[in-house]
Structure formats: C-alpha cells, structure tokens
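Colleague: I would like to learn how to read a model like this one. Please take me through it feature by feature.

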Amino acid sequence: LAPSAPPAWRGGPAVNAAWRGDDLELTVDLPGVPRDAVAVDVADRTLTIAVEPATDNEQMRWSRSVSL
C-alpha cells in the first residue's frame, strides 16, 4: 500500500481463514469499501481478493492471493 494509506489499512486489512469441512471460509475486514470495489477471482488453484477503487483514490488499493 502507498505510505498515505489510512491508518486502518497500513499493513493491509485483517484476513482470517478457516476450513469448514471441505470449504475454505475467508473473512476480510474492509470497512468503508463498497461491494462493487471488491473483486474475487479464482485462476488455477489461486484465489485472489482485490480492492480496485472505482475512483482515483489509490489509498484503497489492496490485493491478497491464497493458494488453494
């Protein structure tokens, strides 16, 4: 993240993962981020969650990838 990121975003948002049977449940704390700014993608065996702001507000840009 850019050094100008809001304090809650420094180091990235909190991400928690837990297996529930055969399902992986991810919880990402993204306060103030509209649903349409969050993208979820699975390619091969990699899950990527990204925040791509609809505005020029680069402070909200973030992504995390997890191997499945």
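Modeller: Start with exposure. Buried means under 20% relative accessible area, exposed means over 50%, and partly exposed lies in between (1.4 Å probe, protein chains only). E25 is partly exposed, at a relative accessible area of 38%. D29 is also partly exposed, at 47%. Of the 68 residues in the protein, 21% are buried.

Colleague: What are the ground rules here?

Modeller: This is a predicted model, so local features need pLDDT of at least 70, side-chain atom pairs count only at pLDDT 80 or more, and totals for chains, interfaces and linings use all residues. Residues are numbered from 1 along each chain as its sequence is written, and side-chain values use heavy atoms, with hydrogens and water left out.

Colleague: What is the mean pLDDT of the protein?

Modeller: pLDDT is the predictor's confidence in each residue, from 0 to 100. The mean here is 79, and 75% of the residues reach 70 or more. Over residues 1-5 the pLDDT is below 50. Beyond near neighbours in sequence, that stretch has 9 contacts in the model, a contact being heavy atoms within 4.5 Å. Where pLDDT is low, predicted coordinates should not be read in detail.

Colleague: How many helices and strands does the protein have?

Modeller: Both are DSSP runs, numbered from the N terminus: helices are H or I with at least four residues, strands are E with at least two. This protein has 0 helices and 5 strands. Along the sequence the pattern reads β-β-β-β-β.

Colleague: Which strands form the open sheet, and in what order?

Modeller: Strands of a sheet pair through backbone hydrogen bonds, either parallel or antiparallel. Two strands count as paired if DSSP finds at least two bridges between them. Here 3 strands form an open sheet in the order β3-β4-β5, with antiparallel pairing. β3 (38-43) and β5 (62-67) are at the edges with a single partner strand each, so one side of each has no neighbour in the sheet. The twist averages 15 degrees from one strand to the next; axes are lines fitted to C-alpha atoms, for helices over the stretch in contact, and angles run from 0 to 180 degrees between N-to-C directions.

Colleague: Which residues pair up across the strands?

Modeller: β3 and β4 (residues 46-51) pair over 6 bridges. A43 has T46 in β4 as its bridge partner. V40 is partnered by I49. The hairpin of β3 and β4 has 2 residues between the strands, and D44 takes a positive phi near 55 degrees there. On the β5 side, 6 bridges join β4 to β5. There T48 stands opposite S65.

Colleague: How many salt bridges are counted?

Modeller: Side chains of opposite charge can pair when their charged atoms come close. The rule asks for a side-chain nitrogen of Lys or Arg within 4 Å of a carboxyl oxygen of Asp or Glu. The count is 1 salt bridge. R20 forms a salt bridge with E25, and the closest N and O atoms are 3.6 Å apart.

Colleague: Where does D29 sit?

Modeller: D29 is in the loop between β2 (23-28) and β3. Leaving out residues up to four places away in sequence, D29 touches P13 and A14. G12 is 17 residues from D29 along the chain, with their C-alpha atoms 9.4 Å apart.
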